[in-house]
Structure formats: C-alpha cells, structure tokens
Amino acid sequence: MNSVFHDLYTKYHQDLFQFLYYMVKNRVEAEDLVQEVYIRVLKAYDKFEGKSSEKTWLFSIAKNVAIDHFRKQRGWKDRLFDKFDWERREIKDSNLLPEDTVIQNEEVKILKECLDTCTTNHRIVLIMRYLNGLSIAETAEALNWSESKVKTTQHRALKTIKAKMENERRKEEDHHASI
C-alpha cells in the first residue's frame, strides 16, 4: 500500500491541491482538505474496483470532500464577506501561492472574480476541465454525471463566465475613463 499511495501522491497531489485551493480559496484549508482526501483514499482503496481511472476516482473523492467542507460551514457565504478585499475586489488570502503573486494581470483577476460568483457545479466543471485538464469523460466519471450533463454544464458555465467577464471589463473601462 505504501508504494501505491506514494505513486498516487506523486502523480496527483499538485492537481488535487490546485482543485481544492480554487474551490475554497484558502491555502491552509486546501492543504487540510487534501489530507482528508488521502485519509479517505487509504480507507477506501481496497474497495476501488478500477472501473474508472485512479485520477477520476481521486477527483470524485476531492469533490465530495469539498462539498462536505462547505456543508459543515454554517453561514460560509456570509463569512466570505469578511474575507473579501473590497478595494482589490478579490478574496483575501495572506498565503498566496507563488503563481498567484506572479500572475497578477487584470484578466486573471477578473476571471477569478467571475469564477467566485459561479454556482458550485459551474465552478467544479470549469476547474476540473480547464485548470486540472480532465477530459469530459473523466469529469463525468469524477462527478458521477453523464457526459452530456458535463457538456451542458460546461457550456452554461462558459457562457455565464464570459458574460460576467465582459461586464467586469466594461466596468473597468468606465472606471478608467472617468479617472
């Protein structure tokens, strides 16, 4: 089991962490949730039948861990307001990832803001598909959805986020024009 666990960790740790970080927007919480994923993997690995890839199985567990995390947090949406930096219009996090400090261009900020306003299903699909690079089939497997549901959700999510990004860009342009 040690070598199997080590292989899973080596192959997928960064992807799992990134997925959970983008879900919870906090490095420490994401690290805790990744640990919870590994605990569940250790408990359930003997039940893994191999009907899906290990990667989709891990993301399925990670999705459930994230959902459980949000369910446990009563009033988590209200607490987001405390963590929001209104001047910069982004979630406050004193533990930024190195890539976040390097990539601070306006387009990425707007995308993050718009992603934060998406529904949980839209956010999960966009993160799995575009940030973690899962295929439609892998995403469907991880979410226990049909491929058509993933495609529909992805289409709606992209349409929604595109409209939100265009709206944010217009606001930025109007703001800059007024200065």
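How many helices and strands are there in the protein chain? Colour the model by secondary structure: the protein chain has nine helices and two strands, where helices (H or I, at least four residues) and strands (E, at least two) are DSSP runs numbered from the N terminus. This is a predicted model, in which local features need pLDDT of at least 70 and side-chain atom pairs count only at pLDDT 80 or more, while totals for chains, interfaces and linings use all residues. Residues are numbered from 1 along each chain as its sequence is written, and side-chain values use heavy atoms, with hydrogens and water left out.

**Whole chain**

Follow the chain from the N terminus and the elements come in the order α-α-α-α-β-β-α-α-α-α-α. Switch to a surface: the protein chain exposes about 10900 Å², of which carbon and sulfur atoms supply 51% (Shrake-Rupley method, 1.4 Å probe; for residues, only the protein chains shown count as cover). Of its 179 residues, 39% count as buried, meaning under 20% relative accessible area. Contacts (heavy atoms within 4.5 Å) with a separation of 6 or more come to 67% from residues 24 or more positions apart.

**Helices α1 and α7**

Select residues 2-24 for α1 and 120-131 for α7; their axes come within 10 Å and cross at roughly 150°. Axes are lines fitted to C-alpha atoms, for helices over the stretch in contact, with angles from 0 to 180 degrees between N-to-C directions. The two helices are therefore roughly antiparallel (over 145 degrees). Show side chains next: α1 brings Gln18, Phe19, Tyr22 and Met23 to the contact, and α7 brings Thr120, Arg123, Ile124, Ile127, Met128 and Leu131. By class, these residues are seven nonpolar, two polar and one charged; Ala, Val, Leu, Ile, Met, Phe, Trp, Tyr, Cys and Pro count as nonpolar, Asp, Glu, Lys and Arg as charged, and the others, Gly among them, as polar.

**Helices α3 and α8**

Move to residues 54-72 (α3) and 136-143 (α8), where the axes come within 7 Å and cross at roughly 50°. On the α3 side pick Thr56, Phe59, Ser60 and Lys63, which meet Glu138, Glu141, Ala142 and Leu143 of α8. That contact has three nonpolar, two polar and three charged residues.

**Gln154**

Last, centre on Gln154 in helix α9, residues 147-178. Is Gln154 buried or exposed? Gln154 is buried, with a relative accessible area of 11%. Leaving aside residues up to four places away in sequence, Gln154 touches Val125, Arg129, Tyr130 and Ile136.

Conventions. Buried means under 20% relative accessible area, exposed over 50%, partly exposed in between (1.4 Å probe, protein chains only). Angles under 35 degrees count as roughly parallel, over 145 as roughly antiparallel, 65 to 115 as roughly perpendicular and the rest as oblique.
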